[in-house]
There are 2 protein chains.
Amino acid sequence: MKIKALLLDIDGTMVFKGHAIPGAAEAIEAARMAGLQLRFLTNITGQLPSTIAEDLQRHGINVRAEEIHTASTSCARYLKSLGDVSCFFLMPESVNSMFEGIARDHVSPDVVVIGDIGESFDYACLNQAFGYLHKGARLVVPHKNLFWFDPRGVRLDCGAFILGLEAASGKQALVTGKPSPVFFTSVMDSLGVKPSQTMIIGDDLLTDIAAAQHLEVAHALVLTGKGASYTESDVPRPERLWPSIAELSRFLAQSGHNTD
Amino acid sequence: MKIKALLLDIDGTMVFKGHAIPGAAEAIEAARMAGLQLRFLTNITGQLPSTIAEDLQRHGINVRAEEIHTASTSCARYLKSLGDVSCFFLMPESVNSMFEGIARDHVSPDVVVIGDIGESFDYACLNQAFGYLHKGARLVVPHKNLFWFDPRGVRLDCGAFILGLEAASGKQALVTGKPSPVFFTSVMDSLGVKPSQTMIIGDDLLTDIAAAQHLEVAHALVLTGKGASYTESDVPRPERLWPSIAELSRFLAQSGHNTD
């Protein structure tokens, strides 16, 4: 098979617990040499694309900010598409600039927006969000990831708090990041490629692989990051299992892409 | 029908938002005059039975501490039945005395116990609990109520946080309070009454009415507290709908109980 574009995950796929995955930099280089278009799709909500790109570059991985789409950039785009709505944000201050121009309301907002504010989650802010939802506000979230790994160990992610708010309010959150199909298709559209010309690579069965299968896009699960705990009985069953992103170079060579 | 025992809910049924439900005191008096055994089963986790009894008495409702079973008393009994286990508690300090004698462990506990600590819920303590669950600890909780009403408005309850921990850890919490059938049957056993001689009265479709139906116990949903938002399309369908607990006096008289 010949593909034109790669949609790659970042955390657990390119880097993990503060270190680059061995071979990641070379794999990206090989993909660029093969003439593939690259986009990095991540549910990281607390960093601007420019910050994420700098971090990857520090690890020797050649990625430009314009190639990075986060669940937060997608969230900001969606909220702006709604027109005249007021929002209550539980979003990291570091991405405030993405949401400039959207009205903030701490009395009776139309929309409650919740991303990963980490240590800042507390009873007061979650109960405040619940009060708005109970009064009728909608819930929009970049993603519902339940946990992630950092160098200190496992860490609860915003999805763990969103689940409780959904259950208590009887409302379903609209997800703007992975595994929302709209997130992937809007990126493919912007590149002018079809699902049949694309490959999704990531470490998460739900946010990467299930989404790829739903969209009928070729895909590989890397057995790094969350993928390290993959077992054969897990569902869905990925089309390809790769020890790590380093396998991409070999795959491109074997599938007839010129990576020299 | 003639019944021998009543299992009554407290919050939303006897009192609501800091006030007695009109007619509650008289209904309890009528039940006592009719010779019924009364037990008050509540998912309140932050108060000792003695404190709850004093509060009800202040509202003119004649209840003794020995007649009150809380989800926390039931939790303490369950943990003690496990024998030699170590626990990490996120429980209100006010009920510490119930758990005396159970080993506390902040390194590698066997069991994580989570009740409603209200304003004390924060990222640090929830992530700490998640770390233990991820390493293999079991999760035991008095209840999984999602929210409640206080004079200030709606308030998230511990269930909203427990749901997220269950999903993130892939573990199901063991519930010691309502709607756990064991909670109700242990009280009926202690009274020496059968399900067919008992009636459950409460304001919550899930914790009171569904449990009663599971145990084939006569029951009534009061349309106060959470019951105020009951609509005909809700499930399960209660056997009896009462405007409030005040209806108990009339019910006892009509069903042949002598309440004079």
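Biologist: Leaving aside its neighbours within four places in sequence, with which residues is A27(A) in contact?

Modeller: This is a predicted model, in which local features need pLDDT of at least 70 and side-chain atom pairs count only at pLDDT 80 or more, while totals for chains, interfaces and linings use all residues. Residues are numbered from 1 along each chain as its sequence is written, chains are lettered from A and ligands numbered from 1 in the order in which they are written, and side-chain values use heavy atoms, with hydrogens and water left out. A27(A) belongs to helix α1 (residues 24-33) of chain A, helices being DSSP runs of H or I with at least four residues and strands runs of E with at least two, numbered from the N terminus. With contact taken as heavy atoms within 4.5 Å, its partners beyond four places are I245(A), A246(A), L248(A) and S249(A).

Biologist: Does A27(A) count as buried or exposed?

Modeller: Buried means under 20% relative accessible area, exposed over 50%, and partly exposed in between (1.4 Å probe, protein chains only). The relative accessibility of A27(A) is 0%, so this residue counts as buried.

Biologist: Which residues have the most contacts inside the largest nonpolar core?

Modeller: A nonpolar core is a set of buried Ala, Val, Leu, Ile, Met, Phe, Trp, Tyr and Cys residues joined through side-chain atoms within 4.5 Å. The largest such core has 56 residues. Those with the most contacts inside it are I114(A) and I114(B).

Biologist: How many residues has the second, separate core?

Modeller: Its members include A27(A), A34(A), M199(A) and L252(A). The size of this second core is 32 residues.

Biologist: By what turn can chain A be laid on chain B?

Modeller: Copies are superposed by least squares on the C-alpha atoms of residues with pLDDT of at least 70 in both. The RMSD is 0.0 Å and the shift along the axis is 0.0 Å, with a turn of 180°. The two copies are thus related as by a two-fold rotation axis. In chain A, the C-alpha nearest that axis, 2.1 Å from it, is that of D122(A). The turn asked for is 180°.

Biologist: In what order do the five strands of the open sheet in chain B lie?

Modeller: Two strands pair if DSSP finds at least two bridges between them. The pairing in this sheet is parallel, and the edge strands, each pairing on one side only, are β7 (103-104) and β12 (174-175) of chain B. The order is β7-β6-β8-β9-β12.

Biologist: How many residues of strand β13 of chain B are buried?

Modeller: Strand β13 covers residues 198-202 of chain B. On one side T198(B), I200(B) and G202(B) are buried, and on the other M199(B) and I201(B) are buried.

Biologist: Which residue of β14(B) stands opposite M199(B)?

Modeller: β13(B) pairs with strand β14 (residues 218-222) of chain B in the parallel sense over four bridges. Strand β1 (residues 5-8) of chain B is also joined to β13(B) by four bridges, and runs parallel to it. In β14(B), the residue opposite M199(B) is A218(B).
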